[in-house]
Amino acid sequence: MTSHSVPVEVHDHHDVRPIRKAAMWVFLGSECMFFGSMIATFLLYRNETGDGPGAEIFDIPFTSASSFILLMSSLTMVLAHNAFENRDPRATRIWLGATALLGTIFLAGQIFEFTEFVHKGLTLSTSSFGSAFYMLTGFHGAHVAIGVLMLMAMFYLSFSGRLYDDRGLNVELVGLYWHFVDIVWIVIFTVVYLLQV
Amino acid sequence: MAEVAHRAHPTPRTYWIIAAILAGVTAIEIAVPYISALDPIKVPLLWALAAIKFFAVVGFFMHLRYEKPLYRTLFFFGVFGVFPLFIVVLLSMHAF
């Protein structure tokens with residue numbers, strides 16, 4: 001009896017990247033509905049200012065500048081992703097750092113803006129307008145803050161050489177989240193600020 | 001012939017061009033509320049400009065136009081699901 005040794009291929013590693021990516025798109029789709037309901041609420045209460053201030057306290061040039069900064073952070077993010085795809089850790093690190101920096105500047109601008117509004121009498125409890133405004137823009141700010149933390153995590157991983165360790169979050173998924181934060185702000189900037197001028 | 005699932009992503013040059021277009025659209029957007037001649041069309045114009053920016057970022061920066069149709073379906077289910085949700089929210093708050 002002859003025995004043949006047949007090489008056995010063991011497929012113990014499934015490529016879960018497409019599943020994770022699909023899950024991220026589902027998450028982003030559900031986030032659209034989350035922000036959609038908050039935008040609808042803002043539109044409903046935009047004139048319910050009570051005795052407090054309304055949209056006249058908005059500083060459109062200032063918010064325009066911070067919106068532009070967030071928009072350009074999408075460019076630096078996609079350049080980070082491009083460098084990641086080309087296996088260039090140094091360029092990836094530079095663009096990730098730039099994106100985190102721009103996101104932080106946007107957040108600093110939002111904190112400054114909120115402080116100014118509170119000084120002018122618009123708080124979370126002043127009116128329905130105030131509640132809807134702070135809930136919508138505050139939740140967006142929280143999303144930006146989470147995005148900045150994820151970018152900083154990616155930045156750190158780029159130093160330890162674990163950027164391409166594809167078991168958890170990667171640059172592409174963080175990038176999708178970051179661009180989403182940007183597109184939500186595109187809508188908020190139009191609805192909350194520009195249409196109220 | 002089998003359909004190609006997704007196309008190659010754009011080059012950095014394309015990203016810079018898209019960013020320049022986004023910057024230009026944003027400049028127009030900021031100017032619109034201050035041009036009184038545009039008041040009659042201000043609302044649809046601002047929505048149109050926001051839509052251009054939205055789809056430019058989604059299509060080019062998020063690569064959705066280069067990706068599998070499944071991802072587009074998953075995302076746009078959420079995006080277009082917003083409109084019935086809008087109606088439900090407004091109805092539940094007796095807006096009509």
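Helices are DSSP runs of at least four residues and strands are runs of at least two, numbered from the N terminus. On that basis, chain B holds three helices and zero strands. The model described here is predicted.

The elements of chain B run α-α-α from the N terminus on. The radius of gyration of chain B is 18 Å, well over the 12 Å that the globule rule gives for 96 residues, so chain B is more spread out than a compact globule. Along the principal axes, the C-alpha atoms of chain B fill a box of roughly 50 × 35 × 20 Å. Of the 96 residues, 21% count as buried. Among contacts in chain B with a separation of 6 or more, 55% involve residues 24 or more positions apart.

One residue of chain B illustrates the local setting. B:Trp47 sits in helix H2 of chain B, which covers residues 42-61. B:Trp47 has 15 C-beta neighbours inside 10 Å and therefore counts as partly exposed. B:Glu29 is 18 residues from B:Trp47 in sequence. The C-alpha atoms of B:Trp47 and B:Glu29 are 9.5 Å apart in space.

Chain A is also helical. Five helices and zero strands make up its count of elements. Their order from the N terminus on is α-α-α-α-α. Chain A has a radius of gyration of 22 Å, well over the 16 Å that the globule rule gives for 197 residues, so chain A too is more spread out than a compact globule. Its C-alpha atoms fill a box of roughly 95 × 35 × 20 Å, taken along the principal axes. Buried residues account for 40% of the 197 residues of chain A. Of the contacts in chain A between residues at least 6 apart in sequence, 84% join residues at least 24 apart.

Two helix pairs in chain A were examined. Two packed helices are described by the angle between their axes and the distance between the axes. Helix H2 of chain A (residues 60-85) packs with helix H5 of chain A (residues 171-193) at an angle of about 160 degrees. The axes of this pair are 10 Å apart. Angles over 145 degrees count as roughly antiparallel, and H2(A) and H5(A) are therefore roughly antiparallel to each other. The crossing of H2(A) past H5(A) is left-handed. On the H2(A) side, the residues that meet H5(A) include A:Ile60, A:Thr63, A:Leu70, A:Met77 and A:Phe84. On the H5(A) side, they include A:Val171, A:Trp178, A:Trp185, A:Phe189 and A:Tyr193. By class, the residues of this contact divide into twelve nonpolar, seven polar and two charged.

Helix H3 of chain A (residues 89-119) and helix H4 of chain A (residues 128-160) form the other pair. They pack at an angle of about 155 degrees, with axes 9 Å apart. That angle makes H3(A) roughly antiparallel to H4(A). H3(A) passes H4(A) in a left-handed crossing. Among the contact residues of H3(A) are A:Pro89, A:Arg93, A:Leu96, A:Gly103, A:Phe106 and A:Gln110. H4(A) contributes residues including A:Thr137, A:Gly141, A:Val148, A:Leu151, A:Phe155 and A:Ser158. The contact of H3(A) with H4(A) comprises twelve nonpolar, ten polar and one charged.

The loop between H1 and H2 of chain A holds A:Phe58. With 20 C-beta neighbours inside 10 Å, A:Phe58 counts as buried, because 20 or more such neighbours are required. Leaving aside neighbours within four places in sequence, A:Phe58 is in contact with A:Thr63, A:Tyr193 and A:Gln196. Two of these partners, A:Thr63 and A:Tyr193, also belong to the contact of H2(A) with H5(A). A:Phe58 and A:Thr126 are 68 residues apart in sequence, and their C-alpha atoms are 16 Å apart in space.

The two chains also touch. The contact takes 34 residues from chain A and 33 residues from chain B. On the side of chain A that touches chain B, helix H1 (17-45), H2 and H5 each supply at least two residues. H1(A) gives the largest share of that side, with 14 residues. The side of chain A that touches chain B has 21 nonpolar, eleven polar and two charged residues.

Key: Residues are numbered from 1 along each chain as its sequence is written. Chains are lettered from A and ligands numbered from 1 in the order in which they are written. This is a predicted model: local features need pLDDT of at least 70, side-chain atom pairs count only at pLDDT 80 or more; totals for chains, interfaces and linings use all residues. Axes are lines fitted to C-alpha atoms, for helices over the stretch in contact, and angles run from 0 to 180 degrees between N-to-C directions. Angles under 35 degrees count as roughly parallel, over 145 as roughly antiparallel, 65 to 115 as roughly perpendicular and the rest as oblique. A crossing is left-handed if the near helix is turned anticlockwise from the far one by less than a right angle, and right-handed if clockwise. Two residues are in contact if their C-beta atoms, placed from the backbone, lie within 7 Å. Ala, Val, Leu, Ile, Met, Phe, Trp, Tyr, Cys and Pro count as nonpolar, Asp, Glu, Lys and Arg as charged, and the others, Gly among them, as polar. The radius of gyration is taken over C-alpha atoms; the globule rule is 2.2 Å times the number of residues to the power 0.38. A residue is buried if 20 or more other C-beta atoms lie within 10 Å of its own, exposed if 12 or fewer, and partly exposed in between; C-beta atoms are placed from the backbone.
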